[in-house]
Amino acid sequence: MAAIHETTVLGIDIGGSGIKGAPVDVERGVLVADRLRIPTPQPASPEAVAQVIAAQVEHFSWSGPVGCAFPAVIKDGVVQTAANIDKSWIGIDGRKLFECYTKCQITLLNDADAAGLAEMRFGAGREESALVIMLTLGTGIGSALFMDGRLVPNTELGHLVIRGKVAEARASGLARSQQALSWKAWAKWVDEYLRYVEDLLSPQLFILGGGVSKKHDKYLHHFTTDTTVVPAEMCNDAGIVGAAIATSGG
Ligand code: BGC
C-alpha cells in the first residue's frame, strides 16, 4: 500500500490489452510502487472497465485523486469516439462512471495526451518550447500537440487520411506486426505520415512513443523529415505518469 502524500497521485493507463496503474510522485515523475497490470476485460464494456478501475483503487488502498488515460477523445469526462475500443463507450460520462465505482475524484483524458504530458515534463520534450508533437505508435496512432508547453487536447492526428487510407492503418505499431512489415518498409509509411503532418503543422520536434519507441535504432535513420524526430524516453510508464500529472491540470 502506498502512503497518501499530496504529491502522490494514482495514475491508470487503460489500454486495449491491459489496464496498468501505479501511484506516481508527480513532482519527480516516478512510480512509487510496483505497477499493477490487470488484463482488459473482453468485451471492454464501460461497466467491466469500471470494475477494473475499482480493483486498481482497492489494490493500492487509494482514496486520493486518480488520473485515467483512455484511448479516445474525451471532453469534460465524456467519451466522444471509439476507434479502437468498444463502441458502447461513445457518449458515456467515463469520469462519473469511474467516480461512482471508486468514490475517488477522477480525471479522465486521452491516452496520447497523457503520455505527451509526461514526456514534456520529464522526458524527451522537457527542454522544448514552440510546437512539439508527440505521436504514439501502438494499436492506433495517438497524438498530443503542445504549444510552448501547453497541451492542445484531443488532436487525433492518427486519423488523418493519406492517399485514401487513415494513417493508423499503415503507420501504427499494430499495422507493422499485422502486415509483418520489415522495419524499413514500415518506416517508409511512418515517414510519409510524419512528412504529411510536418507539411500541415511545421512542428519543432516530433516525439515518437508507444511500444516501438524502444526499437528506435531500427527505423529512425530511415526518416527524411526536416523536423527532428526523437524517441520517447518514458516508455511504458508515460501514460500512468501523465494521467497522474493531469489531475492537477497538466
Ligand atoms: C484513438 C486515439 C488514441 C490512439 C492511441 C486512436 O485510434 O482514436 O484517441 O489516442 O488510438 O490509443
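An oxygen atom of the ligand lies 2.5 Å from an N or O atom in the side chain of Glu-156. This distance, like every other value here, comes from a predicted model. Taken alone, the ligand exposes 310 Å², of which the protein buries 93%. The residues that surround the ligand include Pro-71, Ala-72, Ala-83 and Asn-84, together with Asn-110, Gly-140, Ile-141, Gly-142 and Glu-168.

Attention may now turn to strand 2. This strand spans residues 18-25, and eight of its eight residues are buried, so strand 2 is largely enclosed by the rest of the structure. Gly-18, Lys-20, Ala-22 and Val-24 point one way from the strand, whereas Ile-19, Gly-21, Pro-23 and Asp-25 point the other way; all are buried.

The pairing of strand 2 involves several partners. Strand 1 (residues 8-14) runs antiparallel to strand 2 and is joined to it by seven bridges; the two form a hairpin with three residues between them. Within this pairing, Thr-8 stands opposite Asp-25. Strand 4 (residues 36-39) is also antiparallel to strand 2, with four bridges between them, and Arg-37 of strand 4 is the bridge partner of Lys-20. Strand 3 (residues 30-31) pairs with strand 2 in the antiparallel sense over two bridges. Here Asp-25 stands opposite Val-30. Strands 2 and 3 form a hairpin with four residues between them, and Gly-29 in the turn has a positive phi of about 70°.

Val-49 is located in helix 1 (residues 46-59). Because its relative accessibility is 2%, Val-49 counts as buried. The C-alpha atoms of Val-49 and Ala-171, which are 122 residues apart along the chain, are separated by 28 Å.

The cysteines remain to be considered. The structure holds zero disulfides. Cys-68 is in no disulfide, and the nearest cysteine sulfur, that of Cys-104, is 9.4 Å away. Cys-100 is likewise in no disulfide, with the nearest cysteine sulfur, again that of Cys-104, at 12 Å. Cys-68 counts as buried because its relative accessibility is 0%, whereas Cys-100, at 49%, counts as partly exposed.

Terms used. Residues are numbered from 1 along each chain as its sequence is written. This is a predicted model: local features need pLDDT of at least 70, side-chain atom pairs count only at pLDDT 80 or more; totals for chains, interfaces and linings use all residues. Side-chain values use heavy atoms; hydrogens and water are left out. Buried means under 20% relative accessible area, exposed over 50%, partly exposed in between (1.4 Å probe, protein chains only). A disulfide is a pair of cysteine sulfur atoms within 2.5 Å. A residue is near a molecule or strand if one of its heavy atoms lies within 4 Å of it. A polar contact is a pair of N or O atoms within 3.5 Å; within protein, one must be able to donate a hydrogen and the other to accept it, and residues adjacent in sequence count only if both atoms are side-chain atoms. Accessible areas come from the Shrake-Rupley method with a 1.4 Å probe; for residues, only the protein chains shown count as cover. Two strands pair if DSSP finds at least two bridges between them.
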